[in-house]
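Please read the notes below with the sequence and the model open side by side. They are set out as numbered points.

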Amino acid sequence: MAATLPYLTLKTAWLAGSRIGIPDGSVLLEPGLFITAANAVTVLMDAAVIVLALVLTRPWGMRAPSWLLTVPVFVATGLLTPIVLGFPGQLLLRALGAGPDAVEQATRTPFLDPWVFHVVYTGFIVQAIALAGLFVPYARERWGRRWQGVLGEGLPSPTGVVAGSAAALSVVVALTHFYWAFGGTAGHNASQIAQYSSDTAVGSAVHGICALTAGAGAVLLAKGGARRAWWPLAVAWTGSAATLCWGMWLMVAATGGGTGPDERTTTATYLIYAGQMITALLAASVMGRFLAGRRPV
């Protein structure tokens, strides 16, 4: 709960008109309903973490409807996982001297002061670790029978087709993100090409890894077998959540982005973001079919 305070404080200040942490020339200073709405929605999303912490720790939390708990936890997993993976990777590359230098940063359009990312993303990582530490024992007590034991028999053939489709599409999405991570320019607009750095490379690589994870989790659940059920389920849950939530987030950001000739999102980029969402939905449907078929042990 304490880890939500930096983000909530900054967002509330921005909604109130403050410019703390926002440099001159930032797109965040441009008037517009999109940015205001995005700030308001993200305030509510981070405030929901406080509610989740209470549900997962108070006795009355066991009586909460399953969907009312699992949907926010799924979204939290999806939004926080790429940050947990990506932000330390970005810091590591900078420490090794592979990050953007001062001259390169000075030529780019400013967005936020660097300290904002450190404060906010550190808070996000703490939230992710804390929520995982709270949710796992809660889920063990409430739904342990669903993921104890081995996978067992494979899922019906139609579900296997869905899992295979998720895996195939995840490869396409991942390869595209890896291509962008290594500096590929096809499918990107001029603004995205100009903003390429070790930071954006890590972000693209993480999205590719998450997509592959979603596809792999779906296949493992569909195949069944003698392996313990909890870890393929965790793989499918984490991969599909991260791929779906960030696919949606990137799609919304692209739709509400700049309208200049160098800022218009390309059709290829839209297709990859849509591919992320479709991959995740396919993997999530396999996961739902698996859980629905589990019997108490």
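1. Basis. This is a predicted model, in which local features need pLDDT of at least 70 and side-chain atom pairs count only at pLDDT 80 or more, while totals for chains, interfaces and linings use all residues. Residues are numbered from 1 along each chain as its sequence is written, and side-chain values use heavy atoms, with hydrogens and water left out.

2. Nonpolar core. The largest nonpolar core holds 53 residues. Such a core is a set of buried Ala, Val, Leu, Ile, Met, Phe, Trp, Tyr and Cys residues joined through side-chain atoms within 4.5 Å. Buried means under 20% relative accessible area, exposed means over 50%, and partly exposed lies in between (1.4 Å probe, protein chains only). Leu69, Leu131, Leu221, Val286 and Phe290 have the most contacts inside the core. Two or more residues come from each of α1 (5–15), α2 (33–57), α3 (66–95), α5 (114–147), α6 (157–181), α8 (198–223), α9 (230–255) and α10 (267–292). The largest contribution, 10 residues, is that of α5. Helices (H or I, at least four residues) and strands (E, at least two) are DSSP runs, numbered from the N terminus.

3. Val286. Which residues is Val286 in contact with, leaving aside its neighbours within four places in sequence? They are Leu155, Thr159, Val162, Ala163, Ala218, Leu221 and Ala222. Contact here means heavy atoms within 4.5 Å.

4. Second largest pocket. This pocket has about 1000 Å³ of space. A pocket is an open set of points, on a 1 Å grid over the protein atoms alone, where a 1.4 Å probe fits, with protein on both sides within 12 Å along at least five of seven lines; lining residues have an atom within 4 Å of a point. Grid points are joined across faces, edges and corners, and the volume is the space filled by probe spheres set on them. There are 30 lining residues, and Val73, Phe135, Ala139, Leu233 and Trp237 lie nearest the centre. The elements giving two or more residues to this lining are α2, α3, α5, α9 and α10, and α5 gives the most, with 10. By type, the lining has 23 nonpolar, 6 polar and 1 charged residues. Ala, Val, Leu, Ile, Met, Phe, Trp, Tyr, Cys and Pro count as nonpolar, Asp, Glu, Lys and Arg as charged, and the others, Gly among them, as polar.

5. Salt bridges. The whole structure has 2 salt bridges, each defined by a side-chain nitrogen of Lys or Arg within 4 Å of a carboxyl oxygen of Asp or Glu. One joins Asp199 and Arg94 (2.3 Å, N to O). This pair links distant parts of the chain, with Asp199 in helix α8 and Arg94 in helix α3, 105 residues apart. Asp199 is buried at 16% relative accessibility, whereas Arg94 is partly exposed at 35%. Arg19 and Asp24 also pair through their side chains (2.2 Å, N to O). Arg19 is partly exposed at 43%, and Asp24 is exposed at 60%.

6. Gln127 sits in helix α5 and is buried at 4% relative accessibility. Beyond four places in sequence, Gln127 is in contact with Ala3, Thr4, Asp46, Val49 and Leu80. Ser240, in helix α9, is buried at 0%. Not counting residues up to four places away, Ser240 touches Phe74, Ala214, Ala280, Ala283, Ala284 and Met287.
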